[in-house]
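The sequence and structure are shown first.

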Amino acid sequence: MMMTTNITILSKQYFFCRLLVVVLSLLMTSACKKDDTNPQNNDRLMEVVMDNFNLSKFKAAVDRSDMRPVLASAGPLTVLAPSDGAFTNAGYKTPVDVATTSIPLMIKITGYHILIGNYDLNKMPFLFNQEIRTYNGGKLYVTRWVKDNDTVLTVNGSRVLATGIKASNGSLQVIDRVLEPFLYETLGEALSANASLSLFTHAMQRSGLFDLLKGKGPYTVYAADNAAMIAYGYSTLEQIEAADPAVLAALMRYQVAADRRFVYDYILTAGKSSVITQTMLDDNNVKVQLVPDPTAPGLYNSITLQGPGNQTPATLQKQNIITGNGVLHITNQVLKITR
């Protein structure tokens, strides 16, 4: 009887030991699965950004905008990450500068660089400015083109430096400029909001073309700043108001192209002479000359424009201001058909 009791006790102990082993095994398996799905322990986009020494400022932007959970999510996502040099050119010298920027501004900027879905830019058609929607609902324009036997990718006219950096929840592309989310749906709104373009804007309104710039588009406007308008002969709003609308319309149509054109679009399409022409709204042409990049021999970073009536080329004071229906460039001269 004593032996039977001992065997029963041992059997129960054995059963409980086996049960404990099974339970511990299940717990360990469950823990492993949780680890596998934990973004912090996986090769998510957030980790790719953190591991790239050239994206320290973009990481600061992600942290400042509280977008870390987005980049650590299941995705899929495509991230267009500006390089540290791109942030420097945009005025952010150090990660601290990014980390102390306005939070609402950084939310807009960071969200504008994230796409929902897995976009392989290298497989897009060979076309200019193909529209893509961003995480925050904005519009981006991707160009894929062949230049000197090389395939070139641009986003809003900025060069894609590296493509297809893979992560478990998407991919990352490195770009050479911080993309500015467009603040205005139309070129008309963008012109009206810029105090340095008040004379040009009034000339557009007086000419009867302003409603055109509030339409669907796309258009590219080369807007002369106030100093350029004064040099041309329109010093005050009263002078513009007194001008013949037909005369103003003829002038203003020569400042607008019926297309969306970023600076890099001209760089891609210009030949070895570095010169190309742009047809304007009045069907006359403007000479476009590429401007060499002083920091990168053999490359270009801007353009000048010259009509037959301009004695010297007009330079861009600001370039690639994107709106919902086109692009705005600010120039230092009014483009002239005749002298």
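This is a predicted model: local features need pLDDT of at least 70, side-chain atom pairs count only at pLDDT 80 or more; totals for chains, interfaces and linings use all residues.

Asp-283 is not a glycine, yet it has a positive phi of about 75 degrees. With a relative accessible area of 64%, Asp-283 is exposed.

## Overall composition and confidence

The chain has 339 residues, of which 45% count as buried. It contains 13 helices and 14 strands. Among contacts with a separation of 6 or more, 62% are between residues 24 or more positions apart.

The mean pLDDT of the chain is 87, and 88% of the residues reach 70 or more. Over residues 1-41, however, the pLDDT is below 50, and this stretch has eight contacts in the model beyond near neighbours in sequence.

Helix α3 covers residues 56-64, and its buried residues are Lys-57, Phe-58, Ala-60, Ala-61 and Val-62. The elements that cover these buried residues include the helices α2 (45-51), α4 (68-71), α5 (84-89), α6 (95-99) and α7 (103-112), together with the strand β1 (77-82). Just after α3, Asp-66 adopts a positive phi of about 60 degrees.

One of the covering helices, α7, has an axis that comes within 8 Å of that of α3, and the two cross at roughly 115 degrees. The crossing of α3 past α7 is left-handed. On the α3 side, Ala-61, Val-62 and Arg-64 take part, and they meet Ile-103, Met-106 and Thr-110 of α7. By class, this contact comprises four nonpolar residues, one polar residue and one charged residue.

## Helix α9, an enclosed element

Seven of the ten residues of α9 are buried, so this helix is largely enclosed by the rest of the structure. The buried residues are Leu-199, Phe-200, Thr-201, His-202, Ala-203, Met-204 and Ser-207. They pack against the helices α8 (187-193), α10 (226-232), α11 (237-242) and α12, and against the strands β8 (219-224) and β9 (256-257). Just after α9, Gly-208 has a positive phi of about 90 degrees.

The packing of α9 (residues 198-207) with α12 (residues 245-253) brings their axes within 8 Å, with a crossing angle of roughly 120 degrees. Because of that angle, α9 is oblique to α12. The crossing is left-handed. From α9, the contact is made by Phe-200, Ala-203, Met-204, Arg-206 and Ser-207, and from α12 by Pro-245, Leu-248, Ala-249 and Met-252. These residues divide into seven nonpolar, one polar and one charged.

## Tyr-234, a buried loop residue

Tyr-234 lies in the loop between α10 and α11. At 13% relative accessibility, it counts as buried, because the limit for burial is under 20%.

Leaving aside residues up to four places away in sequence, Tyr-234 touches Leu-199, Met-229, Gln-239, Ile-240, Ala-243, Val-247, Leu-248 and Leu-251. Among these partners, Leu-199 is one of the buried residues of α9, and Leu-248 belongs to the α12 side of the contact between α9 and α12. The C-alpha atoms of Tyr-234 and Phe-200 are separated by 9.1 Å, although the two residues are 34 residues apart along the chain.

## Cis peptide bonds

Gly-75 and Pro-76 are joined by a cis peptide bond, with omega about 5 degrees. Pro-76 is found in the loop between α4 and β1, and both of these elements are among those that cover the buried residues of α3.

The peptide bond from Gly-217 to Pro-218 is also cis, and its omega is near 5 degrees. Pro-218 lies in the loop between α9 and β8. The strand β8 is one of the elements against which the buried residues of α9 pack.

Key. Residues are numbered from 1 along each chain as its sequence is written. Side-chain values use heavy atoms; hydrogens and water are left out. pLDDT is the predictor's confidence in each residue, from 0 to 100. Contact means heavy atoms within 4.5 Å. Axes are lines fitted to C-alpha atoms, for helices over the stretch in contact, and angles run from 0 to 180 degrees between N-to-C directions. Helices (H or I, at least four residues) and strands (E, at least two) are DSSP runs, numbered from the N terminus. Angles under 35 degrees count as roughly parallel, over 145 as roughly antiparallel, 65 to 115 as roughly perpendicular and the rest as oblique. A crossing is left-handed if the near helix is turned anticlockwise from the far one by less than a right angle, and right-handed if clockwise. Ala, Val, Leu, Ile, Met, Phe, Trp, Tyr, Cys and Pro count as nonpolar, Asp, Glu, Lys and Arg as charged, and the others, Gly among them, as polar. Buried means under 20% relative accessible area, exposed over 50%, partly exposed in between (1.4 Å probe, protein chains only).
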